[in-house]
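Good morning, everyone. Please bring the structure up on your screens. I'll walk you through a few parts of it.

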Amino acid sequence: MGLYKLSEAAKWEIEPYTGITGSNALVGVEKETPQKAKPGEIVYEDESDDILVNISAIERNVYVAVKERFKAAGLKLKRIYPPEVSFYMPLFLENLDTPRAILEIGQDYSNFAIFKGKHPDQINTLNFSCDSIRAFLENQDPSTDLVDSLKFTFSQVPPHEPVMLTGPGASIPEIADYLSRMAPSGAAPLLIAKAAGVTAREEDPADAVFGTAAGAGIRELSGKRFRSIGINDSAPLSVRIKKNAYIMPLIATGVISLGLLGHNQYMKYQDRKYKADIQTYTAELEKKKESLKKYETLQKASEEIKKDIQNTRNKIDYIRTEADKKLVHLIGCFDAVALEIPDGLVLDSILQKKEKEEHFQIRGHSFDLDSIGAFAVALQEYQWGVSAIIKGLKSGDTGRLEFELTLETAMKNEGPTP
């Protein structure tokens, strides 16, 4: 039996369990796939012909309401995956050769699953929730039902592997610590790893809240076999064609006939219109070709004249304003440096920086620290002196002080005068 027929049959069997009538139900089904043996592996065949089928259901009017909300938000609803079939899917991102267990701690109830391979060996819905565990830890609920339920649940956990925690309760440190103490091999919240190294991101236990949503995404992206349990309101294409098998040929023939007739008349009209337009545009094109040639010739000549005028203006402006300013400024700076050298101070070098022509690097030595400071202060007294900063000072041979000074200047309109 195919998945569609199986889902149609399941509609009429779920009312005693869900209260949803078959005529108002949307159902998703998932059949267990027989496990294939790997090379060298022995798999015992089950003599029973029973096949495990997972069924998810929702009322049609609820699905339509959710679909309309998505549409109003500019989104398109493809499928709805119940939490009971999605919370354990993050385990598929890991190696399932080792038996694992996963516990989803929800707001109203919890889900528990054990995997011994690619298929769940056991899925249970438990009667405790995030709030009930928190109330127990805060001594608001002294009942031992919670403890007994947790002990029985964790007694089924495969040995030597921690229980993976998801759901809202997994992000609460108190609950996660308590469950870790209860489990034989501990318990840890699900950590969702980033898919690409675009930005740095640290692992956060709060990611476990999104474990069920991540599981639904894994189902949707893992292929057709995993999507069959998802609920939607669309029938397969083959079913839609069969339902309209008698009327579809007539509708298709009528639409094609009308389309061909209308297309033929439209092409004739377009042909007449385009021929008339071609004649008109051809005559106008011939008239404008000569004008275009004259315009292009004059345009080129105008561009050349504009370039010559602008180059000449630039030369005149440079000669009038900038030609001698830098040279006068440089001479004035050197004159000032020579004039302000105090007694006992010797200059070794003066270097003008290529990247910043207003900066000069002055090096020298003296036997007196005061003469170096006086020299720097004197250079700043000039109108063009922005700053004179002693960048380096060290002791040299025979007790002299070697210094390095950076002089920053600024050209003024009246020239580099004190």
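One thing before the tour. This is a predicted model.

So, the overview. The protein chain has 12 helices and 11 strands. There are 418 residues, and buried ones make up 29% of them. The chain exposes about 28300 Å². Carbon and sulfur atoms supply 56% of that area. Now the contacts. Take those between residues at least 6 apart in sequence: 60% of them join residues at least 24 apart.

Next, the sheet. Look for five strands in the order β5-β4-β3-β6-β7. The sheet is open, and its pairing is mixed. Which strands sit at the edges? They are β5, residues 120-126, and β7, residues 187-189. Each of these two pairs on one side only. Neighbouring strands are turned by 20 degrees against each other on average, with direction ignored.

Strand β4 covers residues 110-115. Six bridges join β4 to β5, and the two run antiparallel.

Now move towards the end of the numbering. Strand β10 is residues 385-395, and nine bridges join it to β11. These two are antiparallel. Ser395 is bridged to Leu401 in β11. Together β10 and β11 make a hairpin, with five residues between them. In that turn, look at Thr398. Its phi is positive, about 55 degrees.

Strand β9, residues 359-366, pairs with β11, residues 401-409. That pairing is also antiparallel, over eight bridges. Gln361 finds its bridge partner, Thr406, in β11.

On to helices. Helix α11 is residues 325-340, and helix α12 is residues 369-380. They pack at an angle of about 145 degrees. Their axes are 10 Å apart. The crossing of α11 past α12 is right-handed. Which residues make the contact? From α11, we have Ala336, Val337 and Glu340. From α12, we have Phe375, Ala378 and Leu379. By class, that gives five nonpolar residues, one charged and no polar.

While we are at α12, pick out Ser371, which lies in this helix. Is Ser371 buried or exposed? It is buried, because its relative accessible area is 6%, and the cut-off for buried is under 20%. What does Ser371 touch, leaving aside neighbours within four places in sequence? Its contacts are Pro342, Asp343, Leu345 and Ser366.

My last stop is Arg79. You'll find Arg79 in the loop between α3, residues 60-72, and β3, residues 100-105. Arg79 has 24% relative accessibility. That makes it partly exposed, because that class lies between 20% and 50%. Not counting residues up to four places away in sequence, Arg79 touches Tyr63, Glu220, Arg227, Gly230, Ile231 and Asn232. Take Glu220 from that list. Arg79 and Glu220 are 141 residues apart in sequence. In space, their C-alpha atoms are 8.6 Å apart.

That's the tour. Thank you, and I'm happy to go back to any of these views.

Key. Residues are numbered from 1 along each chain as its sequence is written. This is a predicted model: local features need pLDDT of at least 70, side-chain atom pairs count only at pLDDT 80 or more; totals for chains, interfaces and linings use all residues. Side-chain values use heavy atoms; hydrogens and water are left out. Two strands pair if DSSP finds at least two bridges between them. Helices (H or I, at least four residues) and strands (E, at least two) are DSSP runs, numbered from the N terminus. Axes are lines fitted to C-alpha atoms, for helices over the stretch in contact, and angles run from 0 to 180 degrees between N-to-C directions. A crossing is left-handed if the near helix is turned anticlockwise from the far one by less than a right angle, and right-handed if clockwise. Contact means heavy atoms within 4.5 Å. Ala, Val, Leu, Ile, Met, Phe, Trp, Tyr, Cys and Pro count as nonpolar, Asp, Glu, Lys and Arg as charged, and the others, Gly among them, as polar. Buried means under 20% relative accessible area, exposed over 50%, partly exposed in between (1.4 Å probe, protein chains only). Accessible areas come from the Shrake-Rupley method with a 1.4 Å probe; for residues, only the protein chains shown count as cover.
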